[in-house]
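Please read it alongside the sequence and coordinates.

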Amino acid sequence: MNMESGKPTFIYTYACSEDEISLCQMELRCLFGREVSPAIFESDIEVDVSRSPFIKERIDVMYSGDSLPEIYTQTEQVQLHGMTFKVIFVKTNDLLPADKIEYDERRVIEREIGLRIEGEADVNHPQLVYGIVTLGGRWYFGSYHKNKATWFRQMKKPRSYSIALSTRVARAAVNMAVPNPVGIKAIDPCCGIGTVMVEALSMGIDMVGRDINPFIAAGARTNIAHFGFTSEVTLGDIADITEHYDVAIVDMPYNLYSRITPEEQYSILVNARRIADRVVIVAIEAMDEMISESGFTIIDRCVAKKGLFSRHLMLCQ
């Protein structure tokens, strides 16, 4: 909570490879409702940093000031309630190269703040972690949260195949489809081996799956159970789904790898439109005309690249 305004304010940093810029920017637009600045930005929206494959850290702003001495004075008010603490200087900022703060100076700033907080510092296993960062010519101090990247463990699945979405793309697609998981019912109606489902379930999202191929559906169930998650994966065509969902993620079957006609692709889109209000479509081509003909409007889009192979992600309503 920002002590000055009473309004929650958060500072986020993020990073991505050149091939992931489009994917990263769309995920952040969906999570935060706007285009964000490169590398570091401020928002009044709270997002669990470990949800994103791109967000690195978050500071929950307690104090802000035009200078470090202002921050030093304010941090004397920090109450630890008997817990140990640590202060981290966040290296990502919007300073010009000439104004870069080097390692030794960052350590001095951390120590200066630490000396003003009444309590026991513990650099190795602190109970509370605070961050200090500069953005837009001001300084911000508050609780520090680092991305735990728990999804790394989900990259190695018992069942896999070469054309499955990467874990990072699947996780970003889930965040695009479900920026706020509370009360959302989601489905992956062409779930394959369950890559999207595993990512959604790991974030506490209520998602079920379905696939027309019994062998692949069994693989999805195996993968979901392997990571300790529970969800239903039914067998059958998307056309047979009667229940309605808030969100669907549809990783379109590819002509390159499966025998699917344009008519079958169109049928998948029409049925996705029927069963869900908001849909993220993943495909190896843009499919704009077919998507439009099925009744969707594309409201955001990106391209995820991996070498020479690209996937188009289109958020539709």
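A salt bridge joins R138 to D66, with the closest N and O atoms 2.6 Å apart. Because R138 lies in strand β6 and D66 in the loop between β3 (55-65) and α2 (68-75), the pair ties together parts that are 72 residues apart in sequence. The term salt bridge is used here for a side-chain nitrogen of Lys or Arg within 4 Å of a carboxyl oxygen of Asp or Glu. Helices (H or I, at least four residues) and strands (E, at least two) are DSSP runs, numbered from the N terminus.

The model is predicted: local features need pLDDT of at least 70, side-chain atom pairs count only at pLDDT 80 or more, and totals for chains, interfaces and linings use all residues. Residues are numbered from 1 along each chain as its sequence is written, and side-chain values use heavy atoms, with hydrogens and water left out.

**Salt bridges**

The structure contains eleven salt bridges.

| Positive residue | Negative residue | Closest N and O atoms |
| R138 | D66 | 2.6 Å |
| R116 | E112 | 2.7 Å |
| R29 | E35 | 3.3 Å |

The bridge between R29 and E35 belongs to a network of salt bridges that links R29, E35 and D300.

**Charged surface patches**

Patches are made of residues with over 30% relative accessible area and no salt bridge, like charges being joined within 9 Å and nonpolar side chains (Val, Leu, Ile, Met, Phe, Trp, Tyr) within 5 Å. Lys and Arg count as positive and Asp and Glu as negative, while His and the chain ends are not counted.

K56, K91, K100 and K146 make up a positive patch on the surface. K146 is part of strand β6 (residues 138-146) and is exposed, with a relative accessible area of 56%. A patch of negative charge is formed by D237, D240, E263 and E264. Of these residues, E264 is located in helix α7 (residues 262-275) and is partly exposed at 38% relative accessible area.

**Buried elements**

Helix α4 (residues 167-177) is mostly covered, with ten of its eleven residues buried. Among the buried residues are T167, R171, N175 and M176. The buried residues of this helix pack against α1 (21-32), α5 (195-202), β10 (245-251), β11 (276-283), β12 (298-306) and β13 (309-316).

Strand β13 contains H312. Is H312 buried or exposed? With a relative accessible area of 19%, H312 is buried. Contact means heavy atoms within 4.5 Å. Leaving aside residues up to four places away in sequence, H312 touches I281, V282, A283, I284, E285, A286, C302 and V303.

Notes: Areas by Shrake-Rupley, 256 points an atom, 1.4 Å probe, with all protein chains shown as cover. Charge placed at Lys NZ, Arg CZ, Asp CG, Glu CD. Buried < 20%, exposed > 50% of the residue type's maximum accessible area, 1.4 Å probe, protein only.
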